[in-house]
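Start with the chain below.

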Amino acid sequence: MEVEKNIENVILFQIEKTSKMAKMYSQREFDKINLGITIEQWILLKVIQESEQLSQKELADKSSRDPASITRTLDLLEKKGFIIRRRIPENRRQYEIELTPSGADFVALNMKMIHEHRILSIKGFSNDELLVLKAMLLRIQNNVK
């Protein structure tokens with residue numbers, strides 16, 4: 001395989017560029033309606049909402065985030081009343097994280113908008129194309145583990 005010299009033709013660059021554009025779009029939409037949170041905060045809320053019990057380390061793993069930045073983001077989400085952290089009895093340095101009723105309501109209230117963003121992002125793709133794209137992205141992820 002020939003080494004690509006033009007960065008615009010490098011697949012990993014295009015993946016990164018696409019991810020940044022999607023985050024910027026979503027953040028602009030969040031800001032338009034004064035949602036009051038960042039994309040990073042939303043991602044953590046959604047991962048927490050989808051998990052029954054979750055430690056901070058598991059949250060970092062599931063969200064592909066740095067544990068240090070997770071701590072700062074969780075501090076903000078806790079101040080907003082969206083999450084609670086409980087010490088794990090057998091491990092004094094770890095916390096179990098869950099949504100508060102207010103956090104669960106916030107996620108539920110905003111899922112329609114998130115769903116609309118997701119639909120827009122895949123507009124024009126067939127189901128077969130989406131399956132192939134997902135398989136390719138998963139293969140890249142496995143290649144670089």
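## Helix α1 and its neighbours

The axes of α1 and α2 cross at roughly 95 degrees and come within 10 Å. Here helices (H or I, at least four residues) and strands (E, at least two) are DSSP runs, numbered from the N terminus. Axes are lines fitted to C-alpha atoms, for helices over the stretch in contact, with angles from 0 to 180 degrees between N-to-C directions. α1 and α2 are therefore roughly perpendicular to each other, a label for angles of 65 to 115 degrees, where under 35 is roughly parallel, over 145 roughly antiparallel and the rest oblique.

The two sides of this contact (heavy atoms within 4.5 Å) are as follows.

| Helix | Residues in the contact |
|---|---|
| α1 | K23, S26, Q27 and F30 |
| α2 | I39, E40 and W42 |

By class, the residues of this contact are 3 nonpolar, 2 polar and 2 charged. Ala, Val, Leu, Ile, Met, Phe, Trp, Tyr, Cys and Pro count as nonpolar, Asp, Glu, Lys and Arg as charged, and the others, Gly among them, as polar.

The model is predicted: local features need pLDDT of at least 70 and side-chain atom pairs pLDDT 80 or more, while totals for chains, interfaces and linings use all residues. Residues are numbered from 1 along each chain as its sequence is written, and side-chain values use heavy atoms, without hydrogens and water.

Now α1 itself. Helix α1 covers residues 11–32, which is 22 residues. The expected span, 1.5 Å times one less than the number of residues, is 32 Å, and the end C-alpha atoms are 32 Å apart, which agrees. N34 follows α1 and has a positive phi, near 55 degrees.

Which residues of α1 are buried? They are S26, Q27, E29 and F30. They sit on the same side of α1, because they cover an arc of only 160 degrees around the axis; the arc is that of the directions from the helix axis to the C-beta atoms. On the other side, M21, M24 and K32 are exposed. Buried means under 20% relative accessible area, exposed over 50%, partly exposed in between (1.4 Å probe, protein chains only).

The cover over the buried residues of α1 includes α2 (39–50) and α5 (101–121). H117 lies in α5. H117 is buried, at a relative accessible area of 10%. Leaving out residues up to four places away in sequence, H117 touches Y25, S26, E29 and F30.

Finally, the whole chain. The chain has 6 helices and 2 strands, in the order α-α-α-α-β-β-α-α from the N terminus. Of its 145 residues, 27% count as buried.
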